[in-house]
Amino acid sequence: MSNDLLNYDHFEEYFQGVPPGPNGEVLRRHGDQVERLGGGFYRHHGRIDDMINLNGVKTSAEEIRSVIGNDLVADAKPISVDTDGSGQHRLVVYAVPRDLRLLESPDVPERLRTQFQRDIKERLNPLLAHVEEVVLVPELPQAGPGKTKTMQELRRDYEAREKKVERRREAH
């Protein structure tokens, strides 16, 4: 387990607000959902901080990720963000193109956005099929060696990125 975080408060991220264990143990927030089954068995449901709620429909980032793969994209990470402060979340997809030269292409994000929307509508749920934006990146943002950032971390990054874009627009 980590003992320190580079850009976040370690206590706040992992321990604050977590109730003690049955014998008073100090427990740590881990971000995974686990279901206790009978006979001492457990079922792992995956990351709960990667849940996406769009238009009242909940799904996981992995479920969306599983339907948007295509020959242009090596990897993708969907996130939900409140882009206008209204409380209505929108779907944003960080996508790594197979050919990194596509990072400079102005039309690829829109092509992928349209394709992702179609894939989500046809293969998952039409109510989830509004992709606000596709952000092309050379690799998925990392929280550490071999660890992709959580949805919460990616939301913060996206919001900071949007503020920079907005300031550039205002400057011109």
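Me: In β7, which residue is the bridge partner of Leu91, and how should I read such a pairing?
Reply: Strands of a sheet pair through backbone hydrogen bonds, in either a parallel or an antiparallel sense. Two strands count as paired if DSSP finds at least two bridges between them, the strands being DSSP runs of E with at least two residues, and helices runs of H or I with at least four, each numbered from the N terminus. In this predicted model the partner of Leu91 is Val131, and β6 and β7 are paired in the parallel sense over five bridges. Local features here need pLDDT of at least 70, side-chain atom pairs count only at pLDDT 80 or more, and totals for chains, interfaces and linings use all residues. Residues are numbered from 1 along each chain as its sequence is written, and side-chain values use heavy atoms, leaving out hydrogens and water.

Me: In what order do the three strands of the open sheet stand?
Reply: The order is β5-β6-β7, with mixed pairing. β5 (73-81) and β7 (131-136) are at the edges with a single partner strand each, so one side of each has no neighbour in the sheet.

Me: Is Val96 buried or exposed?
Reply: Buried means under 20% relative accessible area, exposed over 50%, and partly exposed in between, using a 1.4 Å probe and protein chains only. Val96, which lies in strand β6 (residues 90-97), is buried, because its relative accessible area is 9%.

Me: Which residues does Val96 touch?
Reply: Contact means heavy atoms within 4.5 Å. Not counting residues up to four places away in sequence, Val96 touches several residues, including Leu72, Asp75 and Val137. Val96 and Asp75 are 21 residues apart in sequence, yet 5.2 Å apart in space, C-alpha to C-alpha.
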